[in-house]
Amino acid sequence: MSAATAANNLHKQRWQDAVSGVQRRVAGVAAYRTSGRIVRATGLVLEAVGLRVPLGSACRIELTPHPVSGLPGSEQPRFAEAEVVGFSGDKLFLMPLEEISGLLPGSRVFPLGEGSESGSARRFPLGDTLLGRVVDGNGRPLDGKGPLTDAPHAPLATPPLNPLSRAPIDTQIDVGIRAINGLLSVGRGQRMGLFAGSGVGKSVLLGMMARYTQADVIVVGLIGERGREVQDFIHNILGPEGRRRSVVVAAPADTSPLQRLQGAAYATRLAEGFRDAGRNVLLIMDSLTRYAMAQREIALAIGEPPATKGYPPSVFAKLPSLVERAGNGMQGGGSITAFYTVLTEGDDQQDPIADSARAILDGHIVLSRSLAESGHYPAIDVEASISRAMTAIVSGDQLRQAQRFKQMMSRYQRNRDLISVGAYTPGHDPQLDQAVRMYPGLEQFLQQRIDERADMPQTHQALSNLVPAGQ
């Protein structure tokens, strides 16, 4: 064969390969593409017609093009992502994931997904690649350490676990806080609420638990907080030691309510992924109240009527569906031990969100403003706090010691005014006399510096010194 013939055959083969590649790409493209159009934009919600996609599907909205240069035809197309949050008749209610500009009447809406009539749930990065990273509610990095293209992606929705197949809560975990380890013991897989008003030290307490708790992975969801608090929590409260084994999902207050809602679900989905891999996970959600407020904004925007103190019924349905995803997995598998902060407005413990959260959690830790104002940190009100799993995870001696400790604290607090004004005289009430003698030691037991770690052996020893096991 001549060289010219060989070169001609090679050229022909390359041409055929190129044509085959184009044919394969063309074959993978849908024969047609469905789109709808925007007919109304009011407040947070956009109304679209011409689409038939499921609730919760993701869509792209076409915006006015962005000019790249002054030359004609150089405009770059722009799109904004949105999610289907409701429908009425043939109208779809869409909520953008971020504030949009350049929206025109009749703008086209395209479903994200395979096929012409199917929307698709968005997929988010998961797995060990995210350890040490900070991401937003969409799974996009915020720390400038590069994209997460190599991480496996999955949708946020997961099938619920059979409650009968979950492992029981039977093992105490060390959270490094003396008051919690000794008096409000937390079990692996338990879901606790941290109830507090603003400015009483709940973020500092969460940071201490993040650094000191024995867990393989920590997932932190900062939902609806101020942007300054996000950076402060990551750098000053969580610290380098806690951050190495952590994933932080930040959806601050200036993001859309849909992204705040999505951020909480994404943090929970990350924790579920680590639990399914056999890890013991600590999930910290700050705060559950902001999650409820985001759902309230969405529900009111699409026309759901308010019920309890302005909260629509869907808010109280969303809370348990989020919280129930945490907890233990199958027997012999991983676990998610969760701490949810609940903001009690005006320190009102009967706030509807606080009351609902208290009913669905496995215990609550109440922080007292009066204790915080007196310089008592952590400001845990042990009389108002309870761990519902404590009886199943601690010994009988520790349970009796904790009960005795609370009795002495309660006895002293009920007579505090009499003691302060000098109306108390010893000898009339032996139990009160004992409470007065023990009170300085009880108060010292409950206080702890931010840089001090109190492990379980140290906590048990300090508790036994105050309240001997035989009492």
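Predicted model: local features only at pLDDT ≥ 70, side-chain atom pairs only at ≥ 80, totals over all residues.
**Entry 1: α11 and α13**

I looked up how α11 and α13 lie, and I found that their axes come within 8 Å and cross at roughly 110 degrees. The two helices are therefore roughly perpendicular to each other. On the α11 side I listed R404, F405, M408, M409, R411, Y412 and Q413, and these meet Q431, L432, Q434, A435, V436, M438, Y439, L442, F445 and L446 of α13. When I sorted the residues of this contact by kind, I had 12 nonpolar, 3 polar and 2 charged.

**Entry 2: α11 by itself**

I then followed α11 along residues 396–414, which makes 19 residues, and its first and last C-alpha lie 27 Å apart, close to the 27 Å expected at 1.5 Å a residue. Which residues of α11 are buried? I wrote down Q398, Q401, A402, R404, F405, M408, M409, S410 and Y412. An α-helix has 3.6 residues a turn, so residues three or four places apart point the same way. The buried residues of α11 pack against α2 (178–183), α10 (390–393), α12 (416–420), α13 (430–446) and α14 (456–466).

**Entry 3: α6 and α7**

The contact brings L288, Y291, A292, Q295, R296 and A299 of α6 to S314, V315, K318, L319, L322 and V323 of α7. I counted its residues by kind as 8 nonpolar, 2 polar and 2 charged.

**Entry 4: two single residues**

I looked up D362, which sits in the loop between α8 (352–360) and β16 (363–366). Why does D362 count as buried? Its relative accessibility is 15%, and buried means under 20%. Not counting residues up to four places away in sequence, D362 touches I169, G189, Q190, R191, M192, S387, R388 and A389.

I finished with S335, which belongs to strand β15 (residues 335–343). With a relative accessible area of 2%, S335 is buried. Leaving aside neighbours within four places in sequence, I found S335 in contact with R188, G189, R275, R279, N280, V281, G327, N328 and G329.

Methods
Residues numbered from 1 in each chain as written. Heavy atoms only, no water. Contact = heavy atoms within 4.5 Å. Helix = DSSP H or I, 4+ residues; strand = E, 2+ residues; numbered from the N terminus. Nonpolar A, V, L, I, M, F, W, Y, C, P; charged D, E, K, R; others polar. Expected span 1.5 Å × (residues − 1). Buried < 20%, exposed > 50% of the residue type's maximum accessible area, 1.4 Å probe, protein only. Axes fitted to C-alpha atoms, helices over the stretch in contact; angles between N-to-C directions. Parallel < 35°, antiparallel > 145°, perpendicular 65-115°, else oblique.
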